[in-house]
Amino acid sequence: MASFKQIAVDKGWEFKQASHLNNSSASSFLPVSQFPTVSHIDLLHHGLISDPYIDDNETKCLWVNEADWTYRTLEFPRVDLADVNTRATLVFEGLDTVVDVFLDGEHILSSMNMHLPQRVDVTAVLRNTQATPSLELRFRSAPASAKEEKSRIGYQGPDETDVHFGGPERLFLRKAQYHWGWDWGPAVNTCGPWKPIYLQIYEKRIEKLLVRQQVSPDLSFAIINVRGTIEQSSPTQEVTVKLQDPDDASLHVSSVMAIEGEFDVEITVQTPRLWYPHSHGDQPLYRISVELPGYDQKSQLIGLRRLRLLQHSLKNTTGSAFVFEINNIRLFSGGSCWIPGDFMLPRMNKKRYSDWLKLAKSGNQIMIRVWGGGIVESDDFYDICDQEGILVWQDFLFACGNYPASPDFLESVEAEAEAQLRRVGHHASLALWAGNNEDYLLADRFGWDIDYSDENGPWDKTNFPAREIYERLLPRLVTEFGGDVPYWRSSPYGGSHSNDPTIGDTHVWDVWHGRLSAYQDYKSYTSRFISEFGFESCPSLRTLHRAITVPSERHSQSRLFDIHDKGPGHTRRYPMYMGENFRFRMNPLRDFVYCTQFLQAEAMQYAYNCWRREFRGPEQEYCAGVLVWQLNDIWPGSSWALVDDALQCKPAFFITKRALAKVVVGMERIVTKQPPYIVTGYPPEKHKVDIWAVNGTVQALEVRLKLCAFDVQSGSPVQLSPELEEQTIQLAPNQTTEIMTISIPNADTTVVAAYLDNSETSERLARWISWPEPLRLLHFSPDLRVVTQVTDSGDKVLLSANAPAKGVTISVPISESVEDAFYGDNFVDLVPGETVEIEVSSLKGRSLQTRFLYDWEMEEDFEL
Ligand code: BMA
């Protein structure tokens, strides 16, 4: 009896360029730098290319995308296959992308889907060879192969230019679509064995294990279903199934007979310990183990939770809700969108995933959307989300284009989607599978055949053939393998058109892109669930210096700056939005960085807070989720990211952190009078302010609301009606409470501060500073002083000011150190008489510099 063995095929790998597009010295075999790997990583390692993330090296490296690459190892593991019942299978977890595989000179596999793991029975080849066999992977250029596929299958859309980023050929190859370049990263189209390769030696094996769970509506019990098949099973085969609770105590052991290689076991767990997103509870994980005694064993961690996507009708409005509910708690799903962590994906590792996801969690984010132009992430990603309590919205891997649906393409997509559903479908964190990113949005925009009332098709002969994928193939697979995780046709989708604000989710891009609407208008784009919206900014100055090594190019209007800000039209958009809102500086670069980050943060504050406010309780969830485009950056550049590639949080990150806190207080100034119709150039009067609060806990909460006001320029207190200054307020659970509307004396020059303190403990729960707008009309104190004091323990910074200060940031000066410290908060508004405490780590005694809005106007020779 041979028990299952898995041997990594990761030794002795070498690579070479197999085509002759350039005179690379990689034309004879060189050792790889790591395994798994892709050619860009190996070329960088040998100094044969310069880093495509730096300066304009991207274009100098484009030849790598076009070349063919061969990988081989002459150190294939030796195995004993003497027993006639022993089988050897070679497993390729991921090959990027168009490849022919040879073992001992024999062709064993052709593959052209990067997302599809492959298994090849190599028993006969290995039995027939005496010597150590070679394993050789002959990759062909993905862009060239994609073009061939496009001519073979044929583009069915009305116009080949109806595609965002890359070119239409990318739609024809099952390869991460961002490898063709996107509006936040370079065109680095990798090639190679990007995931592990191993040899499995066994007599019998558990295959197709599928563990799914369902929790009863009253949460009193859960049913776990464990099914699977056995490769090389005897007609009847004993299978042992075990369940351990989150403390590893045994809850269930049973033995069943698999009939014709199939088994199906149901386990009931009474009073289950439920898995929650981190905002609402713990993340207990149960372990299911399945054993073929003597042959094989497998185990999986699962969380038990009742997950539903609610789409009920809403009070006083049209359309329907779009609310994720976990364990009967309706969630406001705040978070962000995830782009791949690297172009050279084998450089990603558990630590990098963990750093990103823990950072998102520290920002009070409970949902991450894995965007369809990337990959279904590594197992580590979902393991961490399970452990940390972060929900995942997972797109299938289609983005911004008109995909084909020929029979062989569908076959490849089906195999890939089933494999992904099986690989990650059991994760407690998984909340939704969405068909694609923005393909219906493009259909609406470009006028492809999209009759939303036609639910039956067939669509394969229309000029939007991929409806076959999104409306037939994928929902069928999710029903079969997805357990209780819902399917949604696209992001965005729902209603009379894909971006209907009253039904389903929307992408809000009329601010920044589209109509270039003011960010103050975010409110008018409120929808049931905003799964994308964003606003660009620069990364930290340190990151820009790393991206741009030529000192004379380190300014905001330089060629290298442009190359590192791929957002279309950024050269117009930054100055337009800044000019509308505040007096800004394009140069020096450090000021531009501050100004664009300030701008992004202000935009986020409008968006996030007005949308969270719309989560108004049962049947009034007018908006039940907001996911910023995007959490992360993939390289040192400017983009919509909240955090740059060095994990330096931009101010906008802290704005979203505050907006998603358990308790929030918010203010919105409202128009009280329009200027006389006969004149132009005068802003409307906003002499009143609405005050509201969010209680994100599931209990009612009693708080003290404290209000105070100051003159912007002098910093002197402004008297509000005394009865307003402090009062007790009851906040209903899990929703917004509108508190009151008050008048602001001298509103155009008055700052109002609101604080919420816990009535019982006096703990400060939330604060908000409301400014007259636009900020460009304001004059600040000429003697404004912001005082920064680091506590003796070195882990806290105390900030205070003698007059109102807007957008105060702290950082270790770049002149002092190449690395900044890490802050628990940053970008705060200050009013006199208050000290704000900020947690800091890794400061290590270094000094801090402070910035705030218009600090450059305090320079000696500055004139307005
Ligand atoms: C959305 C995304 C991405 C893009 C972003 C910024 O449409 O889906 O395609 O990077 O906008 O333009």
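User: Is Glu668 buried, partly exposed or exposed?

Analyst: Start with the cut-offs: buried means under 20% relative accessible area, exposed means over 50%, and partly exposed is in between, with a 1.4 Å probe and protein chains only. Glu668 has 21% relative accessibility, so it counts as partly exposed. Keep in mind that this is a predicted model: local features need pLDDT of at least 70, side-chain atom pairs count only at pLDDT 80 or more, and totals for chains, interfaces and linings use all residues. Residues are numbered from 1 along each chain as its sequence is written, and side-chain values use heavy atoms, with hydrogens and water left out.

User: Which residue forms a salt bridge with Glu668?

Analyst: The general idea first: side chains of opposite charge can pair when their charged atoms come close. Here, a salt bridge is a side-chain nitrogen of Lys or Arg within 4 Å of a carboxyl oxygen of Asp or Glu. For Glu668 the partner is Lys523, with the closest N and O atoms 2.8 Å apart. The two are 145 residues apart, so to speak, in distant parts of the chain: Lys523 in the loop between strand 26 (506–508) and strand 27 (530–533), Glu668 in strand 29 (residues 663–670). For the record, helices (H or I, at least four residues) and strands (E, at least two) are DSSP runs, numbered from the N terminus. Lys523 is partly exposed, at 40% relative accessibility.

User: Which residues do salt bridges with shared partners join to Lys523 and Glu668 in one network?

Analyst: Arg613, Glu614, Arg616, Asp690 and Glu738 are in that network along with Lys523 and Glu668.

User: How many salt bridges does the structure hold?

Analyst: There are 58. One of them brings together Glu231 and Arg87, at 2.7 Å from N to O. That pair also spans distant parts of the chain, from Glu231 in strand 12 (residues 221–231) to Arg87 in strand 5 (residues 87–92), 144 residues apart. Glu231 has 12% relative accessibility and counts as buried, while Arg87, at 23%, counts as partly exposed.

Another is the pair Arg476 and Glu414, whose closest N and O atoms are 3.3 Å apart. Arg476 lies in helix 10 (residues 467–481) and Glu414 in helix 8 (residues 407–424), so this bridge ties together parts that are 62 residues apart in sequence. Arg476 is partly exposed at 41%, and Glu414 is partly exposed at 26%.

User: In what order do the strands of the four-strand open sheet run?

Analyst: Strands of a sheet pair through backbone hydrogen bonds, either parallel or antiparallel. Two strands count as paired if DSSP finds at least two bridges between them. This open sheet has the order 1-10-5-8, with antiparallel pairing. Strand 1 (5–8) and strand 8 (118–121) are its edges, each pairing on one side only. On average, neighbouring strands here are turned by 25 degrees against each other, direction ignored. Such angles come from axes, which are lines fitted to C-alpha atoms (for helices over the stretch in contact), and run from 0 to 180 degrees between N-to-C directions.

User: Over how many bridges do strand 5 and strand 8 pair?

Analyst: Four, in the antiparallel sense. For a landmark, look at Thr89, which stands opposite Asp121 in strand 8.

User: Now the ligand: which residues are closest?

Analyst: A residue is near a molecule or strand if one of its heavy atoms lies within 4 Å of it. Thirteen is the count around this ligand, and the closest are Trp182, Asp183, Glu438, His513 and Glu532. A polar side-chain atom of Glu438 sits 2.6 Å from a ligand oxygen. For the side chain of His513, an N or O atom is 2.8 Å from an oxygen of the ligand; for Trp371 that distance is 3.4 Å. The protein buries 95% of the 310 Å² that the ligand exposes when taken alone. Those accessible areas come from the Shrake-Rupley method with a 1.4 Å probe, and for residues only the protein chains shown count as cover.

User: Which side chain makes a polar contact with the side chain of Asn581?

Analyst: A polar contact is a pair of N or O atoms within 3.5 Å; within protein, one must be able to donate a hydrogen and the other to accept it, and residues adjacent in sequence count only if both atoms are side-chain atoms. Tyr519 is the partner, at 3.3 Å. The Asn581 side chain also reaches the backbone oxygen of Tyr577 at 2.9 Å. Asn581 lies in helix 13 (residues 570–581) and is buried, at 3% relative accessible area.
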